[in-house]
Amino acid sequence: MKRFDQINMIPFIDIMLVLLAIVLTTASFVSQGLIPVNLPTAEQVSEPSKDEEPLEIAINEHNEFFLGEEKVTLEQMAAKLKVQAKPETLIVLRIDKAAVFEHFVKLIDLLKAQELSNLSIQAQQEP
């Protein structure tokens with residue numbers, strides 16, 4: 001009978017690679033918001049300050065508007081922003097790179113009309 005003096009590390013390494021893949025996949029879902037938006041890339045990207053909870057507005061690839069997690073029309077958004085947002089409220093814009101630019105312009109026009117100018121546009125860091 002052959003004596004085992006060594007431990008077979010291959011199964012251990014396989015398990016660790018699977019766990020690493022799970023962690024990396026989960027981390028990528030967490031780092032993006034709940035609304036699936038394929039953000040454009042930029043060279044200069046900075047994180048907004050964490051002093052206050054920002055109000056998030058998103059436009060997805062299907063040109064649908066979202067206020068937080070709720071799908072809204074532009075008119076509904078205008079009414080909700082009158083109630084929810086003050087001029088100093090930080091608003092984070094997440095616009096899909098496939099979205100029509102006209103929708104972005106309409107959104108900015110709406111925010112200007114309500115005197116909301118504390119904006120942060122979210123983008124991905126270029127690799």
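Helices (H or I, at least four residues) and strands (E, at least two) are DSSP runs, numbered from the N terminus. A few ground rules: this is a predicted model, where local features need pLDDT of at least 70 and side-chain atom pairs count only at pLDDT 80 or more, while totals for chains, interfaces and linings use all residues. Residues are numbered from 1 along each chain as its sequence is written, and side-chain values use heavy atoms, with hydrogens and water left out.

**Exercise 1. Find the buried residues of α2 and say what covers them.**

Step 1. Look for the buried residues: they are L74, M77, A78 and L81.

Step 2. Now look down the axis of α2. The buried residues fall within an arc of 105 degrees (taken from the directions from the helix axis to the C-beta atoms), so they line one face of the helix.

Step 3. Check the neighbours, counting a contact when heavy atoms are within 4.5 Å. The cover over the buried residues of α2 includes β2, β3, β4 (70-72) and α3.

**Exercise 2. Work out how the span of α3 compares with expectation, and where its buried residues point.**

Step 1. The expected span of a helix is 1.5 Å times one less than its number of residues. For the 13 residues of α3 (residues 101-113) that gives 18 Å, and the end C-alpha atoms are 18 Å apart, which agrees.

Step 2. Pick out F104, L107, L110 and L111, which are buried in α3. Down the axis, the buried residues of this helix fall within an arc of 120 degrees, so they line one face.

Step 3. Turn to the face pointing away from that buried side: F101, D109, K112 and A113 are exposed there.

Step 4. See what the buried residues of α3 pack against: β2, β3, α2 (74-84), β5 (91-95) and β6 (119-121).

**Exercise 3. Describe how β2 pairs with β5 and with β3.**

Step 1. Strands pair if DSSP finds at least two bridges between them. Five bridges join β2 to β5, and these two run parallel; I59 has I95 as its bridge partner in β5.

Step 2. On to β3: three bridges join β2 to β3, and this pair runs antiparallel. A58 stands opposite F66 in β3.

Step 3. Check the cover on β2: four of its five residues are buried.

**Exercise 4. Is N60 buried or exposed, and what does its side chain reach?**

Step 1. N60 counts as buried because its relative accessible area is 7%.

Step 2. Follow the side chain of N60: it reaches the backbone nitrogen of H62 at 3.0 Å.

Step 3. The side chain of N60 also makes a polar contact with the side chain of E64 (2.7 Å). A polar contact is a pair of N or O atoms within 3.5 Å; within protein, one must be able to donate a hydrogen and the other to accept it, and residues adjacent in sequence count only if both atoms are side-chain atoms.

**Exercise 5. Where do N63 and E115 lie, and how exposed are they?**

Step 1. Recall the background: most residues other than glycine have a negative phi.

Step 2. N63 has a positive phi of about 60 degrees although it is not a glycine. N63 lies in the loop between β2 and β3 and is partly exposed, at 22% relative accessible area.

Step 3. E115 has a positive phi near 60 degrees too. E115 sits in the loop between α3 and β6 and, at 60% relative accessibility, counts as exposed.

Key:
Buried < 20%, exposed > 50% of the residue type's maximum accessible area, 1.4 Å probe, protein only.
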